[in-house]
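Here is a short briefing on one protein model and its ligand. Look at the structure first, then work through the points by topic.

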Amino acid sequence: EDIIFPNNDTVIAKADDKVMLSCSYTGTVYDLYWYRQIPGSAPQFLIMEFSGLLTHATHQVPGITMFNRKDTKRTELETAALSDSALYYCALRVGAQ
Ligand SMILES: *[C@@H]1O[C@H](CO)[C@@H](O)[C@H](O)[C@H]1NC(C)=O
């Protein structure tokens, strides 16, 4: 069974702080995704990782990057700007078993 769950609930940061959000997962993961939803807007794809390669959204959000910590089965999203206040989602796709 593959599941993914957030390690952060509410995160409060100062304007120029870098913020690291993280999710943990179990099982065999094919690729990992981060989305965010700014209140009043639709969810927005940010970035994904597949086989060590990052793919940003077409309209890349400045200052956003992600890390896949395979050893600890965590994916991390780093954001940089106060304007990044939003609800963040992590997601995964499992490989064919
Ligand atoms: C989010 O959770 C991870 C894992 O516990 C932690 O390392 C990180 O510092 C947290 N991020 C913030 C901004 O608190």
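Which residue in β2 is the bridge partner of Pro6? The bridge partner of Pro6 is Cys23. This is a predicted model, in which local features need pLDDT of at least 70, side-chain atom pairs count only at pLDDT 80 or more, and totals for chains, interfaces and linings use all residues. Residues are numbered from 1 along each chain as its sequence is written, and side-chain values use heavy atoms, with hydrogens and water left out.

- Strands here are DSSP runs (E, at least two residues), numbered from the N terminus.
- Two strands pair if DSSP finds at least two bridges between them.
- Strands of a sheet pair through backbone hydrogen bonds, either parallel or antiparallel.
- β1 and β2 run antiparallel and are joined by three bridges.

**Sheet with β5, β4, β3 and β8**

- Another open sheet of four strands has the order β5-β4-β3-β8, again with antiparallel pairing.
- The edge strands are β5 and β8 (87–94), each pairing on one side only.
- The twist averages 20° from one strand to the next.
- β3 (residues 29–37) pairs with β4 (residues 44–50) over six bridges, in the antiparallel sense.
- Asp31 stands opposite Phe50 in β4.
- Leu32 has Glu49 in β4 as its bridge partner.
- The hairpin of β3 and β4 has six residues between the strands, and Gly40 takes a positive phi near 90° there.
- β4 and β5 (residues 53–56) run antiparallel, joined by four bridges.
- Met48 has Thr55 in β5 as its bridge partner.
- The hairpin of β4 and β5 has two residues between the strands, and Ser51 takes a positive phi near 55° there.

**Asn68 and its contacts**

- Asn68 lies in β6 (residues 65–69).
- Which residues does Asn68 contact, leaving aside its neighbours within four places in sequence? They are Tyr25, Leu32, Glu49, Arg74 and Thr75.
- Contact means heavy atoms within 4.5 Å.
- The side chain of Asn68 makes a polar contact with the side chain of Tyr25, at 2.7 Å.
- The Asn68 side chain also makes a polar contact with the side chain of Glu49, at 3.4 Å.
- A polar contact is a pair of N or O atoms within 3.5 Å; within protein, one must be able to donate a hydrogen and the other to accept it, and residues adjacent in sequence count only if both atoms are side-chain atoms.

**Around the ligand**

- The ligand is surrounded by Asn7, Asn8, Val11, Val19, Met20, Ser22 and Arg74. A residue counts as near if one of its heavy atoms lies within 4 Å.
- By class, this shell has three nonpolar, three polar and one charged residues.
- The largest share of the shell, three residues, comes from β2 (residues 19–25).
- A polar side-chain atom of Asn8 lies 2.5 Å from an oxygen atom of the ligand.
- A polar backbone atom of Met20 is 2.6 Å from a nitrogen atom of the ligand.
- Taken alone, the ligand exposes 360 Å², and the protein buries 53% of that. Accessible areas come from the Shrake-Rupley method with a 1.4 Å probe.

Notes:
Nonpolar A, V, L, I, M, F, W, Y, C, P; charged D, E, K, R; others polar. Axes fitted to C-alpha atoms, helices over the stretch in contact; angles between N-to-C directions.
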